[in-house]
Amino acid sequence: MTAQEVRLCGLLLQEHFGDVVENVGTHLIRNGVLTLRALAHETKLALDLVKKSLCVLVQHGMCTFGPGRRGPAGPVEYHINCEHILHMLRYPRYIYTAKSLYGDTGELIVEEILQRGQMTMSSTVKTVADRLTHNMPEGQSMDYNEVVSAFSRLVETHFLQRCPPMASAESSGTGSAETPPAVTQPSNPESHPDCYKLPYISLSGHGKRRRSSEDGEADQRAAKKAKTDSSECGDEGIHWQVNFERFHLHFRDQAIISAVSCKLDQTSGEIVRTMLRMSEVTTSANAAFTQALSANEIFRALPSNYNIARPILDQYLTLLVDDPMEFVGKAGDSGGGMFVVNLHRALANLARATLESVVQERFGSRSARIFRLLLRKRHLEQKQVEDFAMIPAKEAKEMLYTLLSENLVQLQEIPKTPDHAPSRTFYLYAVNQLPTARLLLQHCYKTVGNLIERRLYETKENKRLLEKSQRIEAILASLQATGAEATQLTEVEEMITAPERQQLESLRHHINKLDSGENQVDETIFLLESYINSTQASR
Amino acid sequence: MSRGRGRNQFTFNVDALGFGRGDSLPTTTHTPSPLFPPMQFQPVPLHTGEEVEYMLALKQELRASSKNLPFHIRAARTKRDVSRYSDKYQTGEPKNNTIEWSPDWSRLPKELCIKVRKPQKTITGTKQQLKQRPKVAASKEDILQKLETLEKEEVHSEEEEDEGKKKKQNDDEEEEPEVEEDYDEEELEDETDYIASYFDNGEDFGGDSDDNMDEAVY
């Protein structure tokens, strides 16, 4: 784990789970694997607090445990999963995708499961139905069956998966204090054959509308009874979690389609979308390209509102194949031409476009020209760079050295003589895409960390003002609920002066900008991470 | 004419440096570079649009709601020297280190098992409190402990924290499932305001007055 990743993980844990979990998590990341005792000793926290934090982390899938170095008889060791923590940045994107694919019900299901880590199907259905009922007008309520059908669709398309079952070790003796801890080993979720099988649950009913607090006690008693009922739903022990990989595949496809639409046109984007949709189930997650599809199949599978003629489709496919971005490749001639989508190459090109854009925005378009030149031509001497880029020598030198000092360009020395005399050595400049992508990814992590810290600082500076405005809002809400006159309301509103109001407004604007910035940097992080993972997978 | 062999020559091509022989070197810096140096190129503005706004709202909502979930762990406040009046009203922080949600313990290693904290009742819980006393007395074996507990209950009968304390005591002395059963049973009993042990059915009332007939009875 790099220093920036550790810092970002710490900030994310602190934001969602508080300081205690952040402390525990950061120590686990820094030290690799730790046992419970060692962790308590390192963090100097109470043992109960450490246990609670570990429960939270394991519940959310961010921490795994296993038998330690001393085998099953020794203490359990905990190992943290950093990627899962970094995925917390992307939660809004997952939820929005679920909303666009499966509507409000899907959105709420994914949101509930993301916030709670793992949930059983019945509890998810009940909670989501209650939430939807709460937003519906009086008298209507959400039927459980609709929520169940949305849940089933999510499972069928693999967006949700079962949590891997624990292979429990035999525990000798019951009730004695010396029982060895039952070390259960979680396995890869995909290796379980029932990973996407829906359990049969007997659940029928409607969402309950949450009453106001006057009925608090009756509600609590009802809630207690409901809790004892939930054990009879039939899906005890089957927990569901969000399948991040599937969401990532979906984002990758979206990126490719939007790139094609931007570069060529809408119709080409639709053709690529059709090809990707057809090969969803047949392509594995790490495949370099999709299964070959014939032009006939593509023609049949195009959506009906896109009635383009067959020869036009062929022209589009030829255009796509000839495009230098190499999104689509031709794999044969049978069936009117066999075509594949080159996934890894598409990712590499998208990453390259990102790198070029970064250089352009930070150093200007001429530096970007030098960068692109070096990307294409591999190794060039300084004189050749000046000539090919058509930039005057002095400026080219300056730009090259700036890029070199930022580590975006590397310098390779090739001596002509054994004594490495400078006048008799070639100095070649080059850009390597993969290390540069890794460097930029670390920059992105650092950026998000900086954005979060700045947001925390801004919030802390104006804490007094924020608390005051929250109190006033609460007073206003309670006054309105009890039906107060307009004069009273305006009186309360005037408790915030105009300059304070302005300050609040600008604070809100800043925080929105910082949050929005985090979301946008996360898109770049996703692209670079996908590219780096795809090159590692193909090795 | 060269004075010494190779003494007056540079070993590399001077033009490559970017300045000639006679030019002055760039000035030295006296201070560290500024913290926020002026940028040569302004950054591109952020994306806008419905999608972006929606995700922004989602993000802020998630952040706010995650603070209210039981997964947000706050360290229990250490006991200060004197118990203050305001402690009664600041119930936001947990007083002990039980866990506030019940995970599936079969999926976690046994060593992480902590007592699950029951959700606290509201003020109306005093009814259950009064009912609980005879039950608590009946199940204890040690008389001293019984007296102690009753005494504590008398003193703290107004505070809601009692619920937690009694549960904790129960948990410490009995095993957890038993206490849960007790609790449930009490819930299902009739809710009356009358405590069985306080009820005095008046059988010994008339017996005492036989001895002192000459004293006036008021």
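Is Arg116(A) buried, partly exposed or exposed? Arg116(A) is partly exposed, with a relative accessible area of 29%; buried means under 20%, exposed over 50% and partly exposed in between, using a 1.4 Å probe and protein chains only. This is a predicted model in which local features need pLDDT of at least 70 and side-chain atom pairs count only at pLDDT 80 or more, while totals for chains, interfaces and linings use all residues. Residues are numbered from 1 along each chain as its sequence is written, chains are lettered from A and ligands numbered from 1 in the order in which they are written, and side-chain values use heavy atoms, without hydrogens and water.

**Salt bridges**

- Over all chains, the structure holds 28 salt bridges, each being a side-chain nitrogen of Lys or Arg within 4 Å of a carboxyl oxygen of Asp or Glu.
- Glu112(A) forms a salt bridge with Arg116(A) at 3.6 Å, N to O. The two residues are about one helical turn apart because they stand four residues apart in helix α6 (residues 91–116) of chain A; helices are DSSP runs of H or I with at least four residues, numbered from the N terminus.
- Glu112(A) is buried at 5% relative accessibility.
- Glu112(A) also meets Arg131(A) in a salt bridge of 2.8 Å, N to O. Because Glu112(A) lies in helix α6 and Arg131(A) in helix α7 (residues 121–135) of chain A, this pair ties together parts that are 19 residues apart in sequence.
- Arg131(A) is partly exposed, at 28%.
- Glu500(A) and Lys468(A) are joined by a salt bridge of 3.1 Å, N to O. The pair links helix α21 (residues 498–537) and helix α19 (residues 463–481) of chain A, and so ties together parts that are 32 residues apart in sequence.
- A network of salt bridges links Glu15(A), Arg455(A), Asp515(A), Glu518(A), Lys59(B) and Arg63(B).

**Surface patches**

- Ile143(B), Leu144(B) and Leu147(B) form a nonpolar surface patch with about 330 Å² of accessible area together. Patch residues have over 30% relative accessible area and no salt bridge, with like charges joined within 9 Å and nonpolar side chains (Val, Leu, Ile, Met, Phe, Trp, Tyr) within 5 Å; areas come from the Shrake-Rupley method with a 1.4 Å probe, and for residues only the protein chains shown count as cover.
- Leu147(B) belongs to helix α3 (residues 143–155) of chain B and is exposed at 53%.
- Glu523(A), Glu50(B), Glu51(B) and Glu53(B) form a negative surface patch; Asp and Glu count as negative, and the charge is placed at CG of Asp or CD of Glu.
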